[in-house]
Amino acid sequence: MPILVVGSVALDDVETPFGQRKGALGGAAVYFGLAASYFTEVQLVGVVGRDFPAGHLELLSSRGIDLAGLQVVDGETFRWGGKYGYDFNARETTFTHLGAFAGFQPQIPERFRQTPNVFLANIHPRLQLDVLGQVERPQMTALDTMNYWIERTPEELREVLARVDALLINDSEARQLASEPVLRKAAARILELGPEMLVVKKGEDGAVTFSREGIFAVPGLPLDSIIDPTGAGDSFAGGFLGYLAASGDRSPEALRRATIYGSTMGSLCCEAFSTEKLVDLDPHEIEDRFQEYKRLTHFEHAPILLNA
Ligand code: AMP
C-alpha cells in the first residue's frame, strides 16, 4: 500500500573527513522517499525553486516516486550545509537557507488524499496538522519533529501528536519532549500523548521501539565504512514505515522487523555521500543487511549452574 511523505526537498553542502559534496540531492522527504521506495509506492509532497536540477527530478521518478505533489515555484530551493568531524554523532549545521521552503503550504493532490499511509517529515506542526486535515482517514500516520518545534510550538506539537499513530525522533528529542531524562519513562509519557508506537533513534548506537506491547532494541551495526551520515534518520523512517505500509501488519513481530528494516536503510545510507547509495540499491543488499542484523543480535540461552 502506498505511502505519502510531506517534507523538505533540499540541495545540501556536506563536508566529512572523507570529502565533500556541494548542491547534492537531500532533504528529509527525499531520503525518506528513496528508502521507502524499496518497499512500496511513494507519493511526495514538497516544494523546490526553479533552480532545482532536472536530473534530480528524473532520479526520484526513476525510483517510482510520484512527484505530482512537488511544487516548483519562483525562488531558490531550500539549501542546507552540514559538517562532520570524526565523531559522526556530532554535526555542525553550517547554514540553512530556507528559500522557497519558508512559504511552503502543502497541497495534497486529489489522487493522494486517500493514501492509506502518511509520513509527516520534520516541518512546522501547524503544517503537519494542515496535511492531516487534507487526507481522508489514513490507516497509519507517522511524525518526525525536532527540538526547534518542541521548544517553540509545544501546543501545536501536542495537538498533532494526539492524532498520529507513530512518532520517530532521536533520544535527546524524546527526553526533551517528555521533560524526563530516563528514556523508558520518557517513552511511557510520550505514548500517553497519543501515538501507539515510538521509535527512538540513537544514531550510531541503534534504535529502540516502544509500544504498549513492549520494547524492542536494536544495536548500531558496526559498519566497515561510514562516509556521510546525513539523512540516516529519515532513511530509517523510510525503511520502518515502508515495511509497515507494504506488509499492512502492525503486530509486535512486524514492529520488530520494521525496526530492523529501518536500521538497515539508515546504515546503508551512511555508506556513501548524500543519497548516492540509496538511489541504486540491489534489493539483495537490503536483505543481506537485514540478515546481518539478525546474526548480530542472535544468541542462545545455555543454562549453566550459577555459583550461588
Ligand atoms: P538528518 O541527517 O536525518 O537530520 O537529515 C538531514 C536532511 O534534512 C538534509 O538533507 C537537510 O537538507 C534536511 N534538513 C536539515 N535541516 C532541516 C530543517 N530545519 N527542516 C527540514 N529539513 C531539514
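A salt bridge here is a side-chain nitrogen of Lys or Arg within 4 Å of a carboxyl oxygen of Asp or Glu. By that rule, Arg21 and Glu276 make one, with their closest N and O atoms 2.8 Å apart. You're looking at a predicted model, where local features need pLDDT of at least 70 and side-chain atom pairs count only at pLDDT 80 or more, while totals for chains, interfaces and linings use all residues. Residues are numbered from 1 along each chain as its sequence is written, and side-chain values use heavy atoms, with hydrogens and water left out.

**Salt bridges**

- The count comes to 14 salt bridges.
- (Helices, H or I with at least four residues, and strands, E with at least two, are DSSP runs numbered from the N terminus.)
- Arg21 is partly exposed at 32% relative accessible area, and Glu276 is partly exposed at 37%. (Buried means under 20%, exposed over 50%, and partly exposed in between, using a 1.4 Å probe and protein chains only.)
- Asp74 and Arg50 also meet in a salt bridge, at 2.7 Å from N to O. Asp74 is in the loop between S5 and strand S6 (78-84) and Arg50 in the loop between strand S4 (42-49) and helix H2 (54-62), so the pair ties together parts 24 residues apart in sequence. Both residues are exposed.
- Glu156 pairs with Arg126 at 3.5 Å, N to O. Since Glu156 belongs to helix H5 (residues 154-161) and Arg126 to helix H3 (residues 125-134), this pair ties together parts 30 residues apart in sequence.

**The sheet**

- Nine strands form an open sheet with mixed pairing, in the order S5-S4-S1-S8-S9-S10-S11-S12-S13. (Two strands pair if DSSP finds at least two bridges between them.)
- Strands S5 (66-73) and S13 (214-218) stand at the edges with a single partner strand each, so one side of each has no neighbour in the sheet.
- S9 (residues 140-144) and S10 (residues 166-170) run parallel and are joined by three bridges. Ala142 stands opposite Ala166 in S10.

**Helices**

- Helix H9 (residues 252-269) has 18 residues and should span 26 Å at 1.5 Å a residue, which agrees with its end C-alpha atoms being 26 Å apart. (The expected span is 1.5 Å times one less than the number of residues.)
- H9 is mostly covered, with 14 of its 18 residues buried.
- Arg152, in helix H4 (residues 147-152), is exposed at 53% relative accessible area.
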